[in-house]
Amino acid sequence: MSHQMHYQPTPQGPAGAPAPQAARNGLGIAALILGILGALSGIPMILFWLAGPLGILALIFGLVGRSRAKKGQATNKGVALTGALLGVVAIILAVVGVIVTLTAVSKAVDEVNKQVEQSSGQPKDGSGQSAKELTAGATAKYNNGVQVTVSKATPYTVNPSTLVSGHADGNKAYQLTVTIKNTGSKAFDKPLVQTKARVNGKEAQEVDDDKHGILHHDFGNSINPGATATVEMVFDAPPTAKDLDIEVTPDLMLDAVHWKLTL
């Protein structure tokens, strides 16, 4: 007996039908991951530089992934939408972080400038304006409580027998007083006072004689709160000079102030 084998044909779809494509869910998943990372980075605010880019990428990927889901190319529409929303949250947190950081930096800079002004001192005149050029008898006030006053210049008679240096024949000599008062709460220790004089833009020589001694700039080792220290100085000037410019720098950390004294 012979046996015949029958083969059952495999069912096939309509001729020319495209094979089904796999869902393109990658962008939606990426959007969700980036959105979560961006939102978490934005919470500390200081990581705004990281939260911003992550949020932008999450928003872009989420919108593209949602568009694919609408076209039937992806099956995770909700995931993509969640990633996009988290991206928006990350962007908002990044913007807030930028504002908070800039505000904090601005306050820190202002505080540093304030501390520098208090330690070094921007000199003010009696009206509270910045002291640039004062007149005789005016006082420059510093933020640390130091006050400097220069008196008017009065003619000084040079005795040739006691003259040491600084006076030229035919010139006139003028005497003035520099006063430093400490109105602060701390002692003004070891004030390194520098005083310069100019006449017609040129340096004026200081007159030294036995009457005043060689050292005129000794204000002592310390000026206690509420105390005052003064020195008298004599400068040489041509007979035609009309003004004497005095520059006083109370200390290395304090700004110089000028006084214009009429001769």
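Trainee: Where is the place of Ile-92?

Mentor: Ile-92 is in helix α3, residues 77-120. Helices here are DSSP runs of H or I with at least four residues, strands are E runs of at least two, and both are numbered from the N terminus. Before we go on: this is a predicted model, where local features need pLDDT of at least 70, side-chain atom pairs count only at pLDDT 80 or more, and totals for chains, interfaces and linings use all residues. Residues are numbered from 1 along each chain as its sequence is written, and side-chain values use heavy atoms, with hydrogens and water left out.

Trainee: Which residues make the nonpolar surface patch?

Mentor: Val-88, Ile-92, Val-96 and Val-100 make a patch of about 280 Å². An α-helix has 3.6 residues a turn, so residues three or four places apart point the same way.

Trainee: And what about helix α2, what should its residues span?

Mentor: Helix α2 (residues 48-70) has 23 residues and should span 33 Å at 1.5 Å a residue; its end C-alpha atoms are 32 Å apart, which agrees. The expected span is 1.5 Å times one less than the number of residues. Just after α2, Gly-72 takes a positive phi of about 85°.

Trainee: Which residues in α2 are buried?

Mentor: Among them are Gly-52, Gly-55, Gly-62, Gly-65 and Arg-68. Buried means under 20% relative accessible area, exposed is over 50%, and partly exposed is in between, with a 1.4 Å probe and protein chains only.

Trainee: Switching to strands: how many residues of β12 are buried?

Mentor: Seven of the 10 residues in strand β12 (residues 228-237) are buried, so this strand is largely enclosed by the rest of the structure. Strand β6 (residues 172-182) pairs with β12 in the antiparallel sense over 10 bridges; two strands pair if DSSP finds at least two bridges between them. Ile-180 stands opposite Ala-229 in β12.

Trainee: How many salt bridges are there?

Mentor: The count is two, taking a side-chain nitrogen of Lys or Arg within 4 Å of a carboxyl oxygen of Asp or Glu. One joins Glu-247 and Arg-198 at 3.6 Å, N to O. Glu-247 is in strand β13 (residues 243-249) and Arg-198 in strand β8 (residues 194-199), so the pair ties together parts 49 residues apart in sequence.

Trainee: Is Glu-247 buried or exposed?

Mentor: Glu-247 is buried, at 13% relative accessible area, while Arg-198 is partly exposed at 29%.

Notes:
Patches are made of residues with over 30% relative accessible area and no salt bridge: like charges are joined within 9 Å, nonpolar side chains (Val, Leu, Ile, Met, Phe, Trp, Tyr) within 5 Å. Accessible areas come from the Shrake-Rupley method with a 1.4 Å probe; for residues, only the protein chains shown count as cover.
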